[in-house]
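Work through the exercises below with the sequence and the model open. Each task is followed by its solution.

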Amino acid sequence: MQSLTKRRMSPDELDALLRASTGTGCRLEGELADGWFNTAYRVVLDDGRPAVVKLAPPADAAVLRYELGIMATEAMVYRRLASLPGGSVPTPALLHAGEEFLVVSLLDGTGWDKAADRLTPATEAALRHDLGAITARLHTLAPEDGRFGYPAAASALSADDWPTAFTAMVDALLDDAERWRSPLGEPPAGIRALVAAGEDALAEVAEPRLVHFDLWPGNIFVEPGTGRTPARITGLIDHERAFWGDPAAELVSLAFGGDTGPDSDLVAGYTEAGGVLDFTPSFQHRLALYRLYLGLLLVVECGPRGYGPDHLAFCRRTLADAVTALRSPG
């Protein structure tokens, strides 16, 4: 995916960056072009290990407020996941981390979006069940300081309670929308009113948990399996957009891969692994607010990233549908 936030380096520049920062150089094998924000390169390190290097946008690149410091957020998530019992949440291993880059191990398998045509319905169902269990284990992680919102101090988007944090997250996107003259199709005051109307529902979230918020199929790696070996999830990637908040918000991106309703395979796996998703009216109201947040984010990010009209049209439909759903509950 082409984006104005991507930073390119020559093989010599990438080798020099790693060598100066970590003492280990690399041989560039190629760019992984599927990313939407950072640049990712497949490399072989000097010690022979295959790896992926993720580069943060250039220092002068325009980013949204919530994106300030998210490279450090991703490093933090990798470290916290590594503290869980082995294999609880499969993900690449963090090998090196700097202010402008991460080096992670190479996963087996491929993105679920690319493997989908090789999966039978029964295999898809089993994988969705496994994904639910993995997500429940991800949601056992809590912030050390007990605060809600984005972890990076640079964004200044955290608070002691969820309604305050979530409102600040929405307000930051609306400020970014004004800066980029984003075609929201809805006055900012109308969006703020919808969020304010959900304050009581948001206040029911008493404990912050780690929410990936980008678990669409491209960020879930799988091995399709063979006649002798079952399909399996090999890892979750791209944790930089994670925040501390309501586990219900995870269902928004997970819905891009399939059913996330109360009778779904994913929710069955989630609850069997100890997670709780109660699907009360308040829960459903919060879920609608998180769909609104994602729609808003998708539209606003089109500005600094320079996405084309077709993608912008999709994003605007996503936001419009979320607004309509909140105004016409049930």
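**Exercise 1.** State whether arginine 241 and glutamate 240 are buried or exposed, and find what links their side chains.

Step 1. Arginine 241 and glutamate 240 are both buried, where buried means under 20% relative accessible area, exposed over 50%, and partly exposed in between (1.4 Å probe, protein chains only).
Step 2. Their side chains form a salt bridge at 2.8 Å, N to O; the term stands for a side-chain nitrogen of Lys or Arg within 4 Å of a carboxyl oxygen of Asp or Glu.
Step 3. Through shared partners, salt bridges connect Lys54, Glu74, Asp214, Asp238, Glu240 and Arg241 in one network.

The model is predicted: local features need pLDDT of at least 70, side-chain atom pairs count only at pLDDT 80 or more, and totals for chains, interfaces and linings use all residues. Residues are numbered from 1 along each chain as its sequence is written, and side-chain values use heavy atoms, with hydrogens and water left out.

**Exercise 2.** Find which parts are tied together by the pair glutamate 67 and arginine 305.

Step 1. The two side chains meet in a salt bridge of 2.7 Å, N to O.
Step 2. Glutamate 67 sits in the loop between β3 (50-55) and α2 (70-82), and arginine 305 in helix α10 (residues 281-305), so the pair ties together parts 238 residues apart in sequence. Helices (H or I, at least four residues) and strands (E, at least two) are DSSP runs, numbered from the N terminus.
Step 3. Glutamate 67 and arginine 305 are both buried.

**Exercise 3.** Classify arginine 27 by its accessibility.

Step 1. Arginine 27 is partly exposed because its relative accessibility is 49%.
Step 2. Its side chain forms a salt bridge with that of glutamate 29 (3.5 Å, N to O).
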